[in-house]
Amino acid sequence: MTVNPADHHQSTEYLITMLAQLLRVAPEYPRIEESTIERNLGPAKAFAEANGFETGSVEDRYVLGRVKMLFTIYQPEATKLDGREGDHTPWLESMRGELFHAHGFWDNYRRLLETRIRADTPLRRLDETTDQILGSLENPNQEGQWDRRGLVMGHVQSGKTNNYCGLIAKAADAGYKLIIVLAGTFNNLRAQTQYRIDEALVGRDTTSGPTSTKAIGVGLEAESKPIISLTSATETGDFKAATAAAVGFDFGAINAPTVFVIKKNVTVLKNLHEWILAHAPIPEGHERVAGIPLLLIDDEADSASINTANTARDAEVDPTKTNMWIRRILNTFDQTGFVGYTATPFANIFVDEQADNPDVGEDLFPRSFIFSLEAPDNWVGPEQVFG
């Protein structure tokens, strides 16, 4: 009997979908063993046959291999250490349905990842942990002054960038208007990070410059949401004073979020700070920018951001310059969230939690929360290589 290739493909894909659905309601989920997958193949075939799909010509080994890719990679839950502030009210869970709607920033990024990760549990963990981290920050629609600061620890090359891209996407959906990503100290690393942000949020390939209209990543979606990026993925695409002067606009009049991916460089940070002061709304008689919730992501937060000046010996010692300008930017806003990401958090947890310079504000101690991300079990790192 000749099998129509189109019918064969449809039957195969339907059987894979049906088997995956059965496994997601299995008592063992999410820790699915290979034997559980094999045991559920028969019932999945019966469901497919009952719905008019012929499964006799479907190759069992192919179906099982595809489904095992989805379910046999496991990632444990993240662990969290809460700060001692005691003034934070949970807000995200009750609002999740209205914030993360179809074709929002998070929904587009999640669907982009589904085509790449192809594993069930890591995607679900990403959704859970980014909810937990965002929920540990403040509701961006909360009025008044607030400032939440945290740290996320993760293994080297285990998905930290995916995590903060997901966090940024959800923060943009929730109402954070200004997002700054501090991406290392080198031009090539900053450009690489910008490209990841382009794929995950901006939707435009800015490797040819900030005005590029070539769609990539989430931009290939017909209903992708607009986001403004004033940096680009070229090695010279960092924030510049000349660019800032040409692009200046009123933050308060922009509905779309604005994102910057910049180096931890004193000149860049200083120029960005001055540009913000010139273009963001500071009400008369007010000292800080109001009504523009800021999310600042510090990638490799143990590098360059740490204040290495000996303020413990002498409280009058000025902080190191990079640290000073990061703190100055945070101290410019009424409403801020700061999240550092690193695989080596030792310098961060030893930041002086009492340090508070009258000119630039408190130091970058993660006083609100610390999350530890667990690696998926297919991750390979030093322990697997060297024991």
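**View 1. Lys 214 and its salt-bridge partner Asp 205.** Lys 214 is exposed, with a relative accessible area of 54%, where exposed means over 50%, buried means under 20% and partly exposed lies in between, calculated with a 1.4 Å probe and protein chains only. Its side chain meets that of Asp 205 in a salt bridge, with 3.9 Å from N to O, and Asp 205 counts as buried at 8% relative accessibility. A salt bridge here is a side-chain nitrogen of Lys or Arg within 4 Å of a carboxyl oxygen of Asp or Glu. This is a predicted model, in which local features need pLDDT of at least 70 and side-chain atom pairs count only at pLDDT 80 or more, while totals for chains, interfaces and linings use all residues. Residues are numbered from 1 along each chain as its sequence is written, and side-chain values use heavy atoms, with hydrogens and water left out.

View 2. The side chains of Asp 127 and Arg 96 form a salt bridge of 2.4 Å, N to O. Because Asp 127 lies in helix α7 (residues 120-136) and Arg 96 in helix α5 (residues 96-99), the pair ties together parts that are 31 residues apart in sequence; helices (H or I, at least four residues) and strands (E, at least two) are DSSP runs, numbered from the N terminus. Arg 96 counts as partly exposed at 26% relative accessibility. In another salt bridge, the side chain of Asp 82 meets that of Lys 80 at 2.9 Å, N to O, and Lys 80 is partly exposed, with a relative accessible area of 40%. A search of the whole structure finds 29 salt bridges.

**View 3. His 273 and its contacts.** His 273 lies in helix α11, which spans residues 266-279, and it counts as buried at 9% relative accessibility. When residues up to four places away in sequence are not counted, His 273 touches Trp 325, Arg 328, Ile 329 and Thr 332, where contact means heavy atoms within 4.5 Å.

View 4. Phe 346, Ile 349 and Phe 350 make a nonpolar surface patch of about 380 Å². Patches are made of residues with over 30% relative accessible area and no salt bridge, like charges being joined within 9 Å and nonpolar side chains (Val, Leu, Ile, Met, Phe, Trp, Tyr) within 5 Å. Phe 350 has its place in the loop between α13 (346-349) and β8 (356-357), and Phe 350 is exposed, with a relative accessible area of 71%.

Notes. Accessible areas come from the Shrake-Rupley method with a 1.4 Å probe; for residues, only the protein chains shown count as cover.
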